Amino acid sequence: RVDTSTIAAASGTTFRKHVNTGSSGNLLVGKFSGYEARSLLSFSTIPDTLKSATVLSANLVLKPAYRFGPTENILSFSVYRMITGWTETGVTWDSAGTTSYEPTIRGEFARAIADSDSVSVTLDPNLVSGWFQGAGAEPIFGIVLVPTNESNTIVGFNSFQSSQTSKIPYLIVKYSKGGTESTISFSAGQDAFVANIDNLAS
């Protein structure tokens, strides 16, 4: 489902259109031709048995489904920790703005990607460590992927709702507990994207 709202801007012939969806099979992120999209993800099923674990590394893996813009164009985005709650059906462009996430960059990505690529984004281990420590006791608001000004394409990644279950997002974490190193992955949770389009003709 896609919900849209159109708000009159200063000019009588210019509008900004906001688009948000949490039931799409795709997560859009990037900038292209006046269109900007951000994606939010929150992983669930983190067991409280990992509270005492030390996170050694963490990677977010996304698999593209389609794009807006030439293949050779750069997709560039930063990852931030969300600090306010959100839901797939309730998140909006405004509620995913700069006041909804902390200013510290927790991961970065910048390169051209082929349609067959798997994108792996290295995340700050302290980010995931905080999720582990709060598992079962504190809400996990997840992350938001915000395109940078260097981005000149938009990529639609498969979401948790994708019909291609082998291509849904997942988080792979390497950790140490009790002197033993292990790896665990998470592939369930909630996600959504929000977008705006500038300079739409009336």
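Helices (H or I, at least four residues) and strands (E, at least two) are DSSP runs, numbered from the N terminus. Keep that in mind as you colour the chain by element: there are 1 helix and 14 strands.

Before clicking further, note that this is a predicted model, where local features need pLDDT of at least 70, side-chain atom pairs count only at pLDDT 80 or more, and totals for chains, interfaces and linings use all residues. Residues are numbered from 1 along each chain as its sequence is written, and side-chain values use heavy atoms, with hydrogens and water left out.

**Stop one: the helix.** Select residues 125-134, which make up H1. At its start, a side-chain oxygen of Asp124 comes to within 3.0 Å of the backbone nitrogen of Asn126. Now show the buried residues (under 20% relative accessible area; exposed is over 50%, partly exposed in between; 1.4 Å probe, protein chains only). In H1 these are Leu127, Val128, Ser129, Trp131, Phe132 and Gly134. Across the chain, 45% of the 202 residues count as buried.

Which residues touch the most other members of the largest nonpolar core? Leu60, Phe132 and Leu145 do, in a core of 33 residues. (A nonpolar core is a set of buried Ala, Val, Leu, Ile, Met, Phe, Trp, Tyr and Cys residues joined through side-chain atoms within 4.5 Å.) Centre on Phe132: leaving aside neighbours within four places in sequence, its contacts (heavy atoms within 4.5 Å) include Ile46, Leu50, Val173, Tyr175 and Phe186. Another core, of 12 residues, lies apart from the largest one, with Trp86, Val91, Ala96 and Ala192 among its members.

**Stop three: the largest pocket.** On a 1 Å grid over the protein atoms alone, a pocket is an open set of points where a 1.4 Å probe fits, with protein on both sides within 12 Å along at least five of seven lines; lining residues have an atom within 4 Å of a point. The largest pocket holds about 190 Å³ of space. Select Arg81, Gly130, Trp131, Glu138 and Pro139, the closest to its centre of the 13 lining residues. H1 gives the most to the lining, with 5 residues, and strand E7 (75-82) also gives two or more.

**Last stop: two loops.** Most residues other than glycine have a negative phi. Ser33, though, has a positive phi of about 50°; look for Ser33 in the loop between E3 (26-32) and E4 (35-43). Thr45, with a positive phi of about 60°, is in the loop between E4 and E5 (54-62). Buried or exposed, is Thr45? Thr45 is exposed, with a relative accessible area of 60%, and Ser33 counts as exposed at 65% relative accessibility.

How values were computed: Polar contact = N/O pair within 3.5 Å; in protein donor to acceptor, adjacent residues only side chain to side chain. Points joined across faces, edges and corners; volume = space filled by probe spheres on them.
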